[in-house]
Amino acid sequence: GPAGQGLVDFIVGMVTTSNVLQFFASHPGVFTSALQGKTVHDLGLDHLPLFCVGLSTPVLLGFTLMREESVTGVAVVDEQGRIRGNLSASDLRGVNADSLPRLALSVRAFLQQKANRASGTEMPTPPITCTPETLFTDVIQLMVSHHVHRIYVVNQNQRPISAITGTNVLKVVSENTEVQTRSQQLLLSVDHTPSPPTSPLLAPLRDMLSHQLSFNDGDEEDD
C-alpha cells in the first residue's frame, strides 16, 4: 500500500490542547491545593510574553510580527493602549491570491471586513480577558466555554499586560505531579467502568498525562 499506510491504520485518535483543557474544565476535582484557589497572579501568568499591534497598523505587519516572534496571535489595542481585539494566524483563512490586497488594509479595516463577512457586524467579538485576580480554574473554563486558545490579562485600565495560551495552562498543570496522578486515576476508572464511554480519545489522553509533559509555544493552536 501507500507509504505510511500501515502507521495510519494504528491511529485511533488525536489529542489536542483543546481536548486536554476540556478534560480539566469537566473535572475540576483533579486540582490540588497547589492550584485550587490560585489566581493568575499567584502562578505568574500575568507576566507572560505579550505582543500588540495598533488598530491603524497595516495588518501585514501584524502577521509578520507573529512570524518573527513565533506566536499565533497578538492583541489589538487602541490609541490609549486599551485592548480592542485579537489578531490571530487563523484570520488568514480565506486569504488567497485574489484577496491579497486585503493584507494592505489596517488591522481595524481587516477585522471589520472579516466580521462583516462572517456575521454582518462592524467589529468582531471583543477578545476574552481576565485580570491578575482571576482564578486559574476560571481561566480554563473561559477558554473552553468561549472556544479560544488565548486569553489576555488586563489591568484596571483595560490595557493588556500578558497573554495566557492553552500551552501556558498545560505547562502549569504539567509541573504538578499530583494533578497528573489524579487525572490518570480518573481516566483509568472511566476506562474500566462496566459501560465506559466509547471515546477513542480516552487512551491517548491517559497516555499523554502519564508522561512528564513538556510544552512549547509552537504547540499552540490557532484561535
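1. Strands E5 (residues 150-154) and E6 are joined by 5 bridges and run antiparallel. Strands pair here if DSSP finds at least two bridges between them. The model is predicted: local features need pLDDT of at least 70, side-chain atom pairs count only at pLDDT 80 or more, and totals for chains, interfaces and linings use all residues. Residues are numbered from 1 along each chain as its sequence is written, and side-chain values use heavy atoms, with hydrogens and water left out.

2. The two strands E5 and E6 make a hairpin with 5 residues between them. In the turn, Gln158 has a positive phi of about 65 degrees. Strand E6 covers residues 160-165. Of its 6 residues, 5 are buried, so E6 is largely enclosed by the rest of the structure. Buried means under 20% relative accessible area, exposed means over 50%, and partly exposed lies in between (1.4 Å probe, protein chains only).

3. For the chain overall, the secondary structure comes to 8 helices and 6 strands. Helices (H or I, at least four residues) and strands (E, at least two) are DSSP runs, numbered from the N terminus. Along the sequence the pattern reads α-α-β-α-β-β-α-β-α-β-β-α-α-α. The chain has 223 residues, and 39% of them count as buried. Take contacts between residues at least 6 apart in sequence: 63% join residues at least 24 apart. Contact means heavy atoms within 4.5 Å.

4. Next, the sheet of E1, E2 and E3. These 3 strands form an open sheet in the order E1-E2-E3, with mixed pairing. Strand E1 (52-54) and strand E3 (83-88) are the edge strands, and each pairs on one side only. Neighbouring strands of this sheet are turned by 35 degrees against each other on average, direction ignored. Strands of a sheet pair through backbone hydrogen bonds, either parallel or antiparallel.

5. Which way do E1 and E2 run? They run parallel, and 3 bridges join E1 to strand E2 (residues 73-77). Val53 stands opposite Val76 in E2. E2 and E3 pair in the antiparallel sense over 5 bridges. Val77 stands opposite Ile83 in E3. The hairpin of E2 and E3 has 5 residues between the strands, and Gly81 takes a positive phi near 80 degrees.

6. Helix H3 (residues 59-69) lies across E1, E2 and E3. It runs at about 65 degrees to E3. Axes are lines fitted to C-alpha atoms, for helices over the stretch in contact, and angles run from 0 to 180 degrees between N-to-C directions.

7. Now the H2 and H6 packing. The axes of helix H2 (residues 17-26) and helix H6 (residues 166-174) come within 10 Å and cross at roughly 55 degrees. That makes H2 oblique to H6. The classes are roughly parallel under 35 degrees, roughly antiparallel over 145, roughly perpendicular from 65 to 115, and oblique for the rest. The contact is made by Thr17, Val20, Leu21 and Phe24 of H2, with Gly166, Thr167, Val169, Leu170 and Val173 of H6. By class, this contact of H2 with H6 has 6 nonpolar, 3 polar and no charged residues. Ala, Val, Leu, Ile, Met, Phe, Trp, Tyr, Cys and Pro count as nonpolar, Asp, Glu, Lys and Arg as charged, and the others, Gly among them, as polar.

8. H2 is largely enclosed by the rest of the structure, because 8 of its 10 residues are buried. The buried residues of H2 are Thr17, Ser18, Asn19, Val20, Leu21, Phe23, Phe24 and Ala25.

9. H5 also packs against H6. The axes of helix H5 (residues 136-145) and H6 come within 11 Å and cross at roughly 140 degrees. That makes H5 oblique to H6. Phe136, Val139, Ile140 and Met143 of H5 make the contact with Gly166, Val169, Val172 and Val173 of H6. By class, the contact of H5 with H6 has 7 nonpolar, 1 polar and no charged residues.

10. Where does Leu43 sit? Leu43 is in the loop between H2 and E1. At 26% relative accessibility, it counts as partly exposed. Leaving aside neighbours within four places in sequence, Leu43 is in contact with Leu35, Lys38, Phe136 and Val172. Leu43 and Phe136 are 93 residues apart in sequence and 8.1 Å apart in space, C-alpha to C-alpha.
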